[in-house]
Amino acid sequence: MIDIAGAVAVESIDEASRDQPEPVHAAAGVRGVAAHYGDPMREQRLLDTAVGLVDRSHRGVVAVPGEERAGWLHTLTSQHLADLAAGEGTELLVLSPHGHIEQHALVAEDGVTTWLDTEPGATTGLLAYLEKMRFFSKVEPRDATADHALLSLVGPEAPAALETLGVTGLAAPDAVAVPGPKFRHGELPPRPTVRYAVKPLPAGGWARRVPLGVDLLVPRESMDQVVAELRGAGVPVAGLWAYEAVRVAARRPRVGVDTDHRTIPAEVNLIGPAVHLDKGCYRGQETVARVHNLGRPPRRLVLLHLDGVTTDQPPAAGTPVTLDGRAVGFVGTAVHHHELGQIALAVVKRNVPEDARLMVGDIAAAIDPE
């Protein structure tokens with residue numbers, strides 16, 4: 001999609017952007033993605049009110065075939081995957097021994113292979129961990145980024161747009177409510193905490209219904225055909241800037257951007273979609289359980305409204321958030337939103353008041369109430 005008229009590549013604006021293919025993938029022919037196609041604000045409005053097609057083919061893809069894949073991934077990650085069935089998707093985390101987030105991936109199961117798509121730049125680390133934990137398990141994890149790409153139909157009309165590709169009836173996400181502290185064993189059903197419906201695409205690959213729309217995991221050789229069919233049916237394209245603005249407004253964090261090396265799942269709202277609190281042991285489980293039972297994670301994810309008067313340049317990820325000159329957190333993704341103005345996701349200390357007068361560098365900031 002980077003060849004579509006008007007496309008402005010992410011790396012042409014920011015050479016250091018993490019939204020580029022990993023070097024090993026770029027060497028294999030994976031191309032960059034568009035930040036926008038000439039009008040970022042119009043593209044945002046499309047994603048908010050209708051539908052747009054976003055190129056997210058820079059994300060990493062790991063394929064895990066093998067008859068023991070479900071049980072194996074169940075033991076290694078935070079999600080309940082023991083009985084993952086064909087046509088199901090979900091989310092998972094890989095945690096450190098101390099419960100800090102190391103990897104986040106979305107899942108699609110097709111009955112033969114479990115597909116994991118993850119942040120650009122994270123594929124090598126995720127695959128290295130999986131390879132290290134293979135032992136004698138009947139699984140064959142591999143990097144599939146060079147032959148599979150992720151596209152996303154984003155917006156309320158995404159399911160209707162999907163019908164263009166011959167796929168109908170893709171059910172909305174089905175989530176289990178997060179239980180309160182010290183819940184009873186057996187209270188959570190033995191299934192993924194969120195289920196995303198997955199169906200095959202006629203041109204190859206799979207469609208997965210997710211909170212912001214529908215993801216399309218397609219063979220790269222079919223990517224141009226899928227894009228042409230959707231555009232031919234009137235589906236407009238939108239750049240990554242528009243997608244990021246919608247994501248930030250929805251308070252959906254990106255691991256590695258809106259997190260740091262100390263972040264635990266409860267701090268950034270990833271317990272609900274990616275952590276099963278009653279599945280048994282996995283790496284980092286003790287920290288997850290302890291924090292949930294206490295009900296007091298040390299930090300929390302907030303949406304900040306930024307004063308656009310001082311500068312129209314959003315702060316960089318990692319910029320400290322201060323209160324009365326004292327650091328109380330950091331900014332993750334900061335964007336220009338078509339309705340909300342400058343906004344950002346930030347992780348701040350739990351005890352920061354909702355009405356605190358914060359600063360992000362020289363920019364005044366206020367917490368948006370939940």
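**A tour of the interface between two domains**

Across the interface of domain 1 and domain 2, the rule finds zero salt bridges. The model is a predicted one, and the tour begins at this interface before turning to the whole chain.

Next, display the residues where the two selections meet. Nine residues of domain 1 are in contact with ten residues of domain 2. The size of an interface is often given as the accessible area lost when the parts come together. Between domain 1 and domain 2 the buried area is about 820 Å², and carbon and sulfur atoms give 65% of that area. Polar contacts can then be displayed: four residue pairs, both members at pLDDT 80 or more, are in polar contact between domain 1 and domain 2.

Keep the side of domain 1 that touches domain 2 and select α3 (40-49) and α8 (240-249), each of which supplies at least two residues of that side. Which helix gives the most to this side of domain 1? The answer is α8, with five residues. Colouring this side of domain 1 by residue class shows four nonpolar residues, one polar residue and four charged residues.

Now show the entire chain as a cartoon. The chain contains ten helices and 20 strands. Its radius of gyration is 20 Å, close to the 21 Å given by the globule rule for 370 residues, so the chain is as compact as a globular protein of that length. Taken along the principal axes, the C-alpha atoms fill a box of roughly 55 × 55 × 35 Å.

Finally, turn to charged pairs in the structure, which holds 25 salt bridges. One to select is formed by the side chains of Asp3 and Arg31, at 2.7 Å from N to O. Asp3 lies in the segment before β1 (8-9), and Arg31 in the loop between α2 (23-27) and β2 (34-36), so this pair ties together parts that are 28 residues apart in sequence.

Key:
Residues numbered from 1 in each chain as written. Predicted model: local features only at pLDDT ≥ 70, side-chain atom pairs only at ≥ 80, totals over all residues. Heavy atoms only, no water. Contact = heavy atoms within 4.5 Å. Buried area = accessible area lost by both parts, 1.4 Å probe. Salt bridge = Lys/Arg side-chain N within 4 Å of Asp/Glu carboxyl O. Polar contact = N/O pair within 3.5 Å; in protein donor to acceptor, adjacent residues only side chain to side chain. Helix = DSSP H or I, 4+ residues; strand = E, 2+ residues; numbered from the N terminus. Nonpolar A, V, L, I, M, F, W, Y, C, P; charged D, E, K, R; others polar. Rg over C-alpha atoms; globule rule 2.2 N^0.38 Å.
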